[in-house]
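Colleague: I would like to learn how to read a model of this kind feature by feature, with the general idea stated before the particular case. Could we go through it together?

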Amino acid sequence: MSSLIELAGITKVLKGQEQPRTILDGVGLSLDAGQSLAIVGRSGSGKSTLLSVIGLFDRADSGSYRLEGQEIGRIPERRAARLRSSHFGFVFQRFFLLKHLTAAQNVAMALVNGQGWLPRRQRRTRVMSALEEVGIAHLAKSRPAKMSGGEQQRVAIARALVRDPKILLADEPTGALDTETGTLVIDALLAATSRGCGLILVTHDRDHAARMGRIHDLVDGVLNERVAAR
Ligand SMILES: Nc1ncnc2c1ncn2[C@@H]1O[C@H](COP(=O)(O)OP(=O)(O)O)[C@@H](O)[C@H]1O
Ligand SMILES: [Mg+2]
């Protein structure tokens, strides 16, 4: 069976400056359903660029990217957009919640697509089960201003989960939170892996990284799997 995600020799070069700069240098990685992977590295090492390539917001200059066995590195933008919404959930350091909407309404926004809204009942069931999954069903009717940072981030995770993605991409999701609330956010992300979602977490926090199945270090665009400490 093929991996959920398989990258090989992924290279990204920034042009347009005095000298082209290599941001990703032959990156390879694979992720299966239900697996979790931490990517750690200094600021500027290329972590966000790598997640953008994986999430199809950006394209590599060379290398191969297979999603469920299919080469997708050079597909047209229309197909990439479809895959982004059918396969990926995104979580960022900033929560990007709409202030005037409740938690439930914020999550429901992710269910709007080219075909319009799902029927109201189905929408409500899916929104509530996503909020439950991240442990904040009781906040369904609250607005962001009334919630803690950790609660707001869990709304953002519910919004990512409500479309039932196959892969969650989280770019420093605890960067704006204290350790304790950060732990709840990681709990929520890991919960998704128990029902088969793949998770890639970019983090500076060693403890959070250690909770992932594997850790990869990104150093100046080169990715290496960290060998487990004995
Ligand atoms: N659009 C861009 N224009 C110019 N430089 C960029 C752009 N995107 C990323 N970079 C540069 O690429 C490098 C990697 O950035 P990034 O992927 O954001 O790193 P990280 O997430 O690890 O901090 C950095 O040196 C950054 O300045
Ligand atoms: Mg970054």
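Predicted model: local features only at pLDDT ≥ 70, side-chain atom pairs only at ≥ 80, totals over all residues.

Colleague: Where in the chain is Ala33 found, and what does Ala33 touch?

Modeller: Ala33 is found in the loop between strand 2 and strand 3, the latter covering residues 36–40. Leaving aside residues up to four places away in sequence, Ala33 touches Leu4, Gly196 and Gly198. As for distance, the C-alpha atoms of Ala33 and Arg82 are separated by 20 Å, and the two residues are 49 apart along the chain.

Colleague: How should I read the overall build of the protein before going further into detail?

Modeller: The protein has 7 helices and 10 strands. Its radius of gyration is 18 Å, close to the 17 Å that the globule rule gives for 230 residues, so the protein is as compact as a globular protein of that length. The C-alpha trace spans about 50 × 45 × 40 Å along the principal axes, and buried residues make up 40% of the 230 residues. Of the contacts with a separation of 6 or more, 71% are between residues 24 or more positions apart.

Colleague: How do I read a sheet, and which strands form the open one here?

Modeller: The general idea is that in a regular strand the side chains alternate between the two faces of the sheet. In this structure, 4 strands form an open sheet in the order 2-1-4-5, with antiparallel pairing. Strand 2 and strand 5 (70–71) stand at the edges with a single partner strand each, so one side of each is left without a neighbour in the sheet.

Colleague: How many bridges join the neighbouring strands, starting with strand 1 and strand 2?

Modeller: Strand 1 (residues 5–14) and strand 2 (residues 21–31) run antiparallel and are joined by 8 bridges, and Ile5 stands opposite Leu31 in strand 2. Strand 1 also pairs with strand 4 (residues 62–67), again in the antiparallel sense, over 5 bridges; in strand 4, Ser64 is the bridge partner of Ala8 and Tyr65 that of Leu7. Between strand 4 and strand 5, which run antiparallel, there are 2 bridges, and Arg66 has Glu71 as its bridge partner in strand 5.

Colleague: Which residues take a positive phi in the two hairpins?

Modeller: In the hairpin of strand 1 and strand 2, with 6 residues between the strands, Gly16 takes a positive phi near 80 degrees. Strand 4 and strand 5 form a hairpin with 2 residues between them, and there Glu68, in the turn, has a positive phi of about 50 degrees.

Colleague: Is Leu56, which also has a positive phi, buried or exposed?

Modeller: Leu56 is buried, with 21 other C-beta atoms within 10 Å; this residue lies in the loop between helix 1 and strand 4, and its phi is near 65 degrees, a positive value in a residue other than glycine. Asp220 is not a glycine either and has a positive phi of about 45 degrees, but Asp220 counts as partly exposed, with 13 C-beta neighbours inside 10 Å. Its place is in the loop between strand 9 (214–219) and strand 10 (222–225).

Colleague: How do I read the nonpolar core, and which residues have the most contacts inside it?

Modeller: In soluble globular proteins, nonpolar side chains tend to be buried together. Here the largest nonpolar core has 62 residues, and Val107, Leu168 and Leu189 are those with the most contacts inside it. Helix 5 (residues 149–161) gives the most to this core, with 6 residues. Leu189 touches Ile157, Leu168, Ala170, Leu199 and Leu201, not counting residues up to four places away in sequence.

Colleague: Finally, which residues are around ligand 1?

Modeller: The residues around ligand 1 are Leu14, Ile23, Gly41, Ser43, Gly44, Ser45, Gly46, Lys47, Ser48 and Thr49. By class, this shell divides into 2 nonpolar, 7 polar and 1 charged. Helix 1 (residues 47–54) gives the most to the shell, with 3 residues.

Terms used. Residues numbered from 1 in each chain as written. Chains lettered and ligands numbered in written order. Rg over C-alpha atoms; globule rule 2.2 N^0.38 Å. Buried ≥ 20, exposed ≤ 12 C-beta atoms within 10 Å, placed from the backbone. Contact = placed C-beta atoms within 7 Å. Near = placed C-beta within 6 Å. Nonpolar A, V, L, I, M, F, W, Y, C, P; charged D, E, K, R; others polar. Pairing = 2+ DSSP bridges. Core = buried A, V, L, I, M, F, W, Y, C linked by C-beta atoms within 7 Å.
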